[in-house]
Amino acid sequence: MKDKLKKLFAYYKPYRFLFYSDMFFAVMGAAVTLVIPLIVRYITSEVVYYEAADARRVIFYLGVLLIFLVLVEFGCNYYISYFGHVMGAKMEADMRSDIFGHYQKLTFAFYDNQKVGHLLSRITSDLFDISELLHHGPEDVLISVIKIVGSFVILMNINAKLTVTAFAFVPLMVAFAVYYNMKMKQAFARNRARIADINSQIEDSLAGIRVVKSFANEKEELKKFNKGNHNFLEAKKDSYKYMGMYNSGLTALTTLVTVGVLIAGGIFLTTGGVNAPDLITFLLYINNFTEPVKKLVNSAEQFQNGYTGFERFLEILSIAPDISDKPDAVSMENMQGDIEFKNVSFHYEDNEEKVLNHINLKVRAGEYMALVGPSGVGKTTLCSLIPRFYDVSEGELLIDGVDVRDMKLNDLRNNVGIVQQDVYLFAGTIMENIRYGKSEATDEEVVLAAKNANAHEFIMSFPDGYDTDIGQRGVKLSGGQKQRLSIARVFLKNPPILIFDEATSALDNESEKVVQKSLESLAKDRTTFVIAHRLTTIRNAQKILVLTEEGIAEQGTHEELLAKKGIYESLYFSGEERK
Ligand code: ADP
Ligand code: MG
């Protein structure tokens, strides 16, 4: 806990000035609040006995002083409310940037086991809780303690018996506030869970709206939705019950303190135990020790939420990216593209069973190599080792004779281009999406890349050309068009090594031909790994590798492998190729 708190405090460091000034104005505001009733008491108990003219003069000056103090109190409260929140928001922004930056560094092995929604909530709701704590926590505690202790000390000096009577209610208020605050927060947590259910249901149903409609299941979807909707409503009703109890209960208790002080004070008045001005002063102080009780209880709760959020935040930050640069990593700027798998075995982190078993494979720079085999044998896995999306479990993977683990990761990845079956395009224009391949590319370079990828023509057929907004995930483009954009992106990147992972599998025959042409021109003079589901598309490969559960079963050219009459031949003629 000490370590974690240290990390929490570290976020205050850049905003030391804001923090200390916030604390300063918090103390000053609280002090002024405590002083105001004392001046009123002075007027009612002393000044009224002065000679009329003197009294008027003193009351005038004291009135001016009171107005000045009210202004100071206002200034302090405004400062801590505005700059305090700004400080919290700045720290929240720093944390958000830290966690997003860390997300960017984490590896595939991490993302394989995470839900995006989960990661999102760490950035949004958790950080909000933390920032509230960071800002309000110290300030609220400080103000509340000063007000409660200050009121107690001042009132004890005025009238000990009445003070004890008034403060007798405090434990009752604390107990009430703690209990209902807890109930209320639990109910809010249930609310959040229910609304999260609803949101994921909406997301799922709308993302799959085409399926919903094709099965004519709109009514069922609504029925399912209304169940979640009803649960949320019930949860909300529950939380309002506790919220109502908490708010009105505490208001009633505060009034009860006033009534208690009035009754006890009234009795003491008759016995001479207290005088009228002191009783008035007591009444003026009641809010100064009842309000802070609520605040303190709330702070404790806030600390719990914020701290749990911070722990979750640290949990993510403490995950070290398992693939990163060695201290003495080698620069690889002019890669040739000679690739060698030396006795490579691999298994995924969550599964001890090996996907790749002692693979030995040499591909010379510029070679066009195809990888075939039934689905699930590890073709994609094998290719994902090249850009180090995962590290080999055993053996070595060399490029130009250097182990990929010894290279600068950025250099390695800048030298490998990947075209996959699923194309991911970012929100934005076509121009921006192609430029993703090389951020400093000029417009001319982007256009050239698009021309090379056979994309220029269809891009120009849109009214806005390269400025066409493709919408979230590129829904306004056909599969073949999206694929050609992703190829243009790689053209622009211009890497010596390529991986085509079933790049045409999702396309119809017509688009497949166009995309195939783009891929072939991209592959020219580059080391290329092609994973193809239609074996007709790889007949020209210089080397074809047949991968099975046992490893590399056959390798050779199309003709050689057909002549062998082995697995490749049966795959080629059986239609197994369609998988
Ligand atoms: P292919 O591309 O030949 O169809 P893959 O390389 O995708 O095969 O998968 C090989 C095996 O590894 C499969 O059994 C698959 O379930 C498993 N696998 C693939 N990706 C992961 C992953 N991220 N985590 C764990 N297992 C995986
Ligand atoms: Mg695959």
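# Questions on a predicted model

Visitor: Does Ile-319 count as buried, partly exposed or exposed?

Guide: In this predicted model, Ile-319 has 13 C-beta neighbours inside 10 Å. The class "buried" needs 20 or more such atoms, and "exposed" needs 12 or fewer. With its 13 neighbours, Ile-319 therefore counts as partly exposed.

Visitor: Leaving aside neighbours within four places in sequence, which residues is Ile-319 in contact with?

Guide: Ile-319 sits in the loop between α10 (276-317) and β1 (339-346). Its C-alpha atom is separated by 20 Å from that of Gly-306, 13 residues apart along the chain. With neighbours within four places set aside, the contacts of Ile-319 are Leu-106 and Phe-110.

Visitor: How far does helix α9 reach from its first C-alpha to its last?

Guide: Helix α9 covers residues 218-271, which is 54 residues. At 1.5 Å a residue, the expected span is 80 Å. The reach in the model is close to that, at 78 Å.

Visitor: Which helices are included in what covers the buried residues of α9?

Guide: The buried residues of α9 include Tyr-242, Tyr-246, Leu-250, Val-257 and Val-261. Just after this helix, Gly-272 takes a positive phi of about 80°. The cover over the buried residues of α9 includes α6 (160-167), α7 (169-207) and α10.

Visitor: How far apart are the end C-alpha atoms of residues 164-182?

Guide: The unreviewed UniProt entry places the feature "transmembrane region" at residues 20-43, 58-80, 164-182 and 246-269. Over residues 20-43 the model is 100% helix, with end C-alpha atoms 35 Å apart. Residues 164-182 are 95% helix and 0% strand, and their end C-alpha atoms lie apart by 28 Å.

Visitor: Which strands are at the edges of the open sheet of four strands?

Guide: The order in this sheet is β2-β1-β4-β5, with antiparallel pairing. An edge strand pairs on one side only, and that applies to β2 (356-363) and β5 (402-403).

Visitor: Which residue in β2 stands opposite Val-344?

Guide: β1 and β2 run antiparallel and are joined by five bridges. Within β2, the residue opposite Val-344 is Ile-359.

Visitor: What is the value of phi at His-358?

Guide: His-358 has its place in strand β2. It is partly exposed, because 15 other C-beta atoms lie within 10 Å. Its phi is positive in a residue other than glycine, near 45°.

Visitor: Which residue of β7 is the bridge partner of Val-419?

Guide: Strand β6 (residues 416-420) has four of its five residues buried, so it is largely enclosed by the rest of the structure. β6 pairs in the parallel sense with β7 (residues 497-501), over five bridges. In β7, the partner of Val-419 is Phe-500.

Visitor: What is the value of phi at Asn-454?

Guide: Asn-454 lies in the loop between α14 (443-452) and α15 (456-461). With 18 other C-beta atoms within 10 Å, it is partly exposed. Although it is not a glycine, Asn-454 has a positive phi of about 60°.

Visitor: How many residues of the shell around ligand 1 are charged?

Guide: Ligand 1 is surrounded by residues including Asp-112, Tyr-348, Asp-350, Asn-351, Val-355, Lys-379 and Thr-380. Also in the surroundings are Ser-375, Gly-376, Val-377 and Gly-378, among others. The shell divides into three nonpolar and six polar residues, and the number that are charged is three.

Technical notes: Residues are numbered from 1 along each chain as its sequence is written. Chains are lettered from A and ligands numbered from 1 in the order in which they are written. This is a predicted model: local features need pLDDT of at least 70, side-chain atom pairs count only at pLDDT 80 or more; totals for chains, interfaces and linings use all residues. A residue is near a molecule or strand if its C-beta atom, placed from the backbone, lies within 6 Å of it. Ala, Val, Leu, Ile, Met, Phe, Trp, Tyr, Cys and Pro count as nonpolar, Asp, Glu, Lys and Arg as charged, and the others, Gly among them, as polar. UniProt positions are given in the numbering used here, feature names are shortened, and annotations may be inferred rather than shown by experiment. Helices (H or I, at least four residues) and strands (E, at least two) are DSSP runs, numbered from the N terminus. Two residues are in contact if their C-beta atoms, placed from the backbone, lie within 7 Å. Two strands pair if DSSP finds at least two bridges between them. The expected span of a helix is 1.5 Å times one less than its number of residues.
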